[in-house]
Every structure is written in C-alpha cells, then in structure tokens.
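Here's a quick briefing on the fold, the salt bridges and the packing. Have a look at the model first, then read on.

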Amino acid sequence: MRDRGWRGANKRKTPKTTIANPAAQRAPDRVGRKFTAAAPNRLWVADFTYCRTGVGWAYTAFVVDVFARKIVGWKVASEMTQQLVTDAINQAFDFRKRSSTTDLDALIHHSDARSQYTAVAFTQHLADQGILTSIGTVGDSYDNALAESVNADYKNEPVDYGPRYPGMAELSLATAEWVAWYNRERPNTYCCDLTPDRAEELHYAQIAPHQPKGAVTL
C-alpha cells in the first residue's frame, strides 16, 4: 500500500457519551425492558446522542412518551451536561402543561445510567414533580431500547441524510422540524401506522365519554 501511495481508511473518533458515575446512587430498573404504557404520561424514556456539525460536535437529548412513541421534549446543546437533559425534561413538562396535563404523579422516567441522569440535582428535579426514576443497567442498550431507537431514527433521517449542518442554530431548526413531522405525520408501526399525535387523540376520545361531569381530561 505504501509503495502504491494508498492509505487505509480510519474510523472517525466519536464522542463517548455513556459515562456513568460509579459514586452516584442509581434508581432501580422499574421498566424491565417492557416499553408499553396504558395511557400517556405513565412512562417516559430519555436519552441523548451526538451529531457532527460544521463547527464541531453537538448533542441532542430526547424525552419520549412510551404510550404512543411521541417525542414530548428535546434539546440541542454544545455540551453533554446535566443542563442538556434538564432542559429536555423541562420542555416535556411545559409541553404537557400546555395540553392541560398538570398531574404527573403516576409517571416513571426511565433512562440509562449516564452521569447526567443520575445527578442528584436532576433526580431531585424529577422528584419535585412527583415522578419516579428508573435506571437501566450499565452498558446495556436493550434496557433503554426505545430511546435508542428514536436516536437512530433521528440520526438516519435529518442528521446523517444530506449535507452536514453548519452549526447549532441550523441543527436546532432541523430538529424542531423533524420532531413536528415525527409526531404529526410519520406513521408509527407500534401505533398501527397511526401517527403519535393521532394515537393520543384517539385515546382521549375513547375515555372522554366515561369522564365524570366536570372532570379534567389529562
């Protein structure tokens, strides 16, 4: 190869995002790889992934409602800090509150054991909302397979398809557009080829006639 002027292709280095804190107290795994829920706001899964832009690496965090595979929160940032995952969960809180959901006491938040999700400030933030935390085992993607699947769709569709985004602003805009399309227009096989938005709408339409008079639908 040297004589012919050839050079071997080297695999590009990518950021190491799964970094656990061995000193952190982790919640038990309350999910056991059963990614199903009887209603919205019963189980959310969370994860983040890396994206290469024209100015360097960026990181996108997602929060997904398991019931209809709906993305309820997301955030793009230049660093993979606790603030990244906190901003994503706060967006999920705000999103559900705009839909008249204020009671999240029956909700479980499931993630992997990355240090961002086991940080005391983050777990306390969830506890303040009445949310139980659940953590999968270290180094086992199957324990958070649904969130990993959404990451893969995101990487395959807006991120790795086409030219690289010049910077954070462009990636954030593309992510917002993709999330809207994912929830409103993209059929999901888990939802019998309904979109996540439509699957949730049908759920609430079915339970509405059974609500007591004056009750607030969550």
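A residue is called buried here under 20% relative accessible area, exposed over 50%, and partly exposed in between, using a 1.4 Å probe and protein chains only. Thr133 is buried by that rule because its relative accessible area is 16%. You're looking at a predicted model, where local features need pLDDT of at least 70, side-chain atom pairs count only at pLDDT 80 or more, and totals for chains, interfaces and linings use all residues. Residues are numbered from 1 along each chain as its sequence is written, and side-chain values use heavy atoms, with hydrogens and water left out.

**The sheet**

- Helices (H or I, at least four residues) and strands (E, at least two) are DSSP runs numbered from the N terminus, and two strands pair if DSSP finds at least two bridges between them.
- With that in hand, 5 strands make an open sheet in the order 3-2-1-4-5, with mixed pairing.
- Strand 3 (70–77) and strand 5 (132–135) are the edge strands, each pairing on one side only.
- From one strand to the next, the twist averages 25°.
- Helix 5 (residues 168–184) packs on the sheet and touches strand 1, strand 2 and strand 3; its direction makes about 175° with that of strand 3. Axes here are lines fitted to C-alpha atoms, for helices over the stretch in contact, and angles run from 0 to 180 degrees between N-to-C directions.

**Strand 2 and its partners**

- Strand 1 (residues 43–53) pairs with strand 2 (residues 56–65) in the antiparallel sense, over 10 bridges.
- Cys51 has Ala58 in strand 2 as its bridge partner, and Thr53 has Gly56 in strand 2.
- The hairpin that joins strand 1 to strand 2 runs through 2 residues.
- On to the next pairing: strand 2 and strand 3 are antiparallel over 7 bridges, and Val76 in strand 3 is the bridge partner of Thr60.
- The hairpin of strand 2 and strand 3 has 4 residues between the strands, and Arg69 takes a positive phi near 60° there.
- Strand 2 is mostly covered, with 8 of its 10 residues buried.

**Salt bridges**

- The cut-off is a side-chain nitrogen of Lys or Arg within 4 Å of a carboxyl oxygen of Asp or Glu, and the count by this rule is 10 salt bridges.
- Arg114 and Asp47 form one of them, with the closest N and O atoms 3.0 Å apart. This pair links distant parts of the chain, 67 residues apart: Arg114 sits in the loop between strand 4 (108–111) and helix 2 (115–118), and Asp47 in strand 1.
- Arg114 counts as buried because its relative accessibility is 4%, and Asp47 counts as buried because its value is 1%.
- Arg186 forms a salt bridge with Asp153, the closest N and O atoms being 3.6 Å apart. Arg186 lies in the loop between helix 5 and helix 6 (196–207), while Asp153 is in helix 4 (residues 145–159), 33 residues apart.
- Arg186 is buried at 17% relative accessibility, and Asp153 is buried at 17%.
- Arg186 also meets Glu157 in a salt bridge (2.9 Å, N to O). Glu157 is in helix 4, and the two are 29 residues apart.
- Glu157 is partly exposed, since its relative accessible area is 25%.
- There's a network of salt bridges too, linking Asp65, Lys70, Arg96, Asp197 and Glu200.

**Cores and contacts**

- A nonpolar core is a set of buried Ala, Val, Leu, Ile, Met, Phe, Trp, Tyr and Cys residues joined through side-chain atoms within 4.5 Å.
- The largest nonpolar core has 29 residues, and Phe62, Ile71, Tyr154, Leu171 and Trp178 have the most contacts inside it.
- Strand 1, strand 2, strand 3, helix 4 and helix 5 each give two or more residues to this core.
- A second, separate core has 21 residues, including Ala88, Ala92, Leu104 and Phe122.
- Contact means heavy atoms within 4.5 Å. Setting aside neighbours within four places in sequence, Tyr154 is in contact with residues including Thr49, Cys51, Thr60, Phe62, Leu171 and Trp178.
- Thr133 has its place in strand 5; leaving aside neighbours within four places in sequence, Thr133 is in contact with Ala27, Pro28, Arg30, His109 and Leu126.
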